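Please look through the sequence and the model shown here before reading on.

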Amino acid sequence: MNNSHPEQLVQSFLMGSKQSRSGQRRLELLNKIALLGSLSSAAKACGMSYKGAWQAIEAMNLAAEKPLVTAQKGGTGGGGMVLTPAGESLLAAYQLFSEQMQHWMRELENISPGVLSQLEIMRKVSMKTSARNLFHGSVTKITTGPVNCEVILAIGHDMQVVAHITPESLERLGLEVGADAYALIKASWVILTEDINGAFKTSARNQFCGEITHIEKGAVNSDVTLDVGGGQKLSAVITNQSVENLDLVVGGRCCALIKSSHVLLAVAD
C-alpha cells in the first residue's frame with residue numbers, strides 16, 4: 001500500500017462517509033463474523049443475503065490479497081467462520097480509524113460549524129463520469145425480484161428517478177432505503193417529446209417536463225438542455241431532424257422520457 005499520501009485515504013473515506021455502504025458494510029460484516037462466529041448470522045445482522053455476504057468476503061479477500069476469514073468445522077446455520085490474523089488486523093485498524101475519524105469530524109464541526117454540510121457538494125464535484133446527466137438523491141423504495149430490482153431515488157422538489165438493476169448490482173452497491181445514491185443517464189438515452197403534460201401514457205418510467213434553455217446544433221445531432229425545475233437540468237442528444245419535427249426552440253417546452261433500464265446507479269465509495 002502506498003503510504004506517501006495518507007490524506008488521500010482520509011479524503012476517500014470522507015467523500016463516502018455518509019453512504020459508503022459498499023465499503024463500510026463489508027468491514028462491518030467482518031465485525032459481525034468476529035462477534036457471532038457465523039457467516040449466515042453475520043449476514044443477517046448486516047441486512048445482507050448469504051450470497052451477498054459471500055460475494056463481499058470474496059471481494060475483500062481479493063483486495064487484501066490474502067484470506068480475511070476461515071471456515072471453522074462444526075458450525076451450524078451455514079457453517080462457522082472466524083477471522084484470520086489478517087482479518088483481525090484489518091478489523092482493528094478499521095475500528096480505530098472510525099473512532100478517530102468520528103472524533104476528528106466532531107472537532108472540525110466545532111471549529112467551523114457547517115463545514116461538514118459541504119461534503120455533499122465535494123462528493124458531487126469529485127465524481128467523474130461520461131454520462132451527461134447526474135442526479136443525486138436518497139433511496140425511498142426498493143422492490144426486489146429474481147431478475148431485476150426496482151429502485152426509486154428521490155432527487156428533491158417532489159421529483160424521483162426510477163431505475164431497474166440486477167439483484168447482484170443491488171448487493172454490490174449496498175443499496176437500501178435511506179441510502180444516498182446517484183442516477184446517471186446518458187444524453188443519447190433521453191427521448192424528447194412535445195410537452196405532453198400527462199396527455200398520454202408511456203411505458204417510460206421517468207418523465208421530466210420543462211423549459212428548453214439551450215440548443216447546440218451539430219452536423220447531424222443537437223444537444224438540447226432542459227430545465228426540469230428545482231435547479232435540475234437534463235441534456236438530450238437528438239437528431240437535427242427531430243429538433244425540426246418537434247419545433248424545439250429556446251424558451252419553448254418539451255418533455256424528456258427515460259426508460260428505467262437506461263438509468264445507471266452509483267454510490268460514493
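## The sheet around β3

Two strands are taken as paired if DSSP finds at least two bridges between them. The model is predicted, and in it β3 and strand β6 (residues 180–185) pair in the antiparallel sense over six bridges, with Gly137 standing opposite Ala181 in β6.

This pairing belongs to an open sheet of five strands, whose order is β5-β4-β3-β6-β12 and whose pairing is antiparallel. At its edges stand β5 (159–165) and β12 (264–266), each of which pairs on one side only. Neighbouring strands of this sheet are turned by 40° against each other on average, if direction is ignored.

## The sheet around β8

Another open sheet, also of five strands, has the order β7-β11-β8-β9-β10, again with antiparallel pairing. Because β7 (191–194) and β10 (232–239) stand at the edges with a single partner strand each, one side of each is left without a neighbour in the sheet. From one strand to the next, the twist averages 45°.

## Aromatic pairs

A pair of aromatic rings is described by the distance of the centres and the angle of the planes. The structure holds two aromatic pairs. In one of them, the ring centres of Tyr50 and Trp54 are 6.5 Å apart and the planes stand at 85°, so the pair is edge-to-face. Both residues lie in helix α4 (residues 50–64), where Tyr50 and Trp54 are four residues apart, about one turn of the helix. Tyr50 has 32% relative accessibility and therefore counts as partly exposed, and Trp54, at 35% relative accessibility, also counts as partly exposed.

Phe135 and Phe208 form an aromatic pair that is stacked, with 6.0 Å from centre to centre and 15° between the planes. This pair links distant parts of the chain, since Phe135 lies in strand β3 (residues 133–143) and Phe208 in strand β8 (residues 206–217), 73 residues apart. Both Phe135 and Phe208 are buried.

## Nonpolar cores

In soluble globular proteins, nonpolar side chains tend to be buried together. The largest nonpolar core has 34 residues, of which Leu175, Val190, Leu192, Phe208, Leu234, Val263 and Leu265 touch the most other members. If residues up to four places away in sequence are not counted, the residues that Phe208 touches include Ile155, Met159, Gln160 and Val161, and also among them are Leu226, Val228, Leu234, Cys254, Cys255, Ala256 and Ile258.

## The chain as a whole

The chain has eight helices and 12 strands, and of its 269 residues, 39% count as buried. Among contacts in the chain with a separation of 6 or more, 60% are accounted for by residues 24 or more positions apart. The accessible surface of the chain comes to about 15,000 Å², and 54% of this surface belongs to carbon and sulfur atoms.

Notes
Residues are numbered from 1 along each chain as its sequence is written. This is a predicted model: local features need pLDDT of at least 70, side-chain atom pairs count only at pLDDT 80 or more; totals for chains, interfaces and linings use all residues. Side-chain values use heavy atoms; hydrogens and water are left out. Helices (H or I, at least four residues) and strands (E, at least two) are DSSP runs, numbered from the N terminus. Axes are lines fitted to C-alpha atoms, for helices over the stretch in contact, and angles run from 0 to 180 degrees between N-to-C directions. Rings of Phe, Tyr and Trp (its six-membered ring) pair if their centres lie within 6.5 Å; planes under 30 degrees apart count as stacked, over 60 as edge-to-face and the rest as tilted. Buried means under 20% relative accessible area, exposed over 50%, partly exposed in between (1.4 Å probe, protein chains only). Contact means heavy atoms within 4.5 Å. Accessible areas come from the Shrake-Rupley method with a 1.4 Å probe; for residues, only the protein chains shown count as cover. A nonpolar core is a set of buried Ala, Val, Leu, Ile, Met, Phe, Trp, Tyr and Cys residues joined through side-chain atoms within 4.5 Å.
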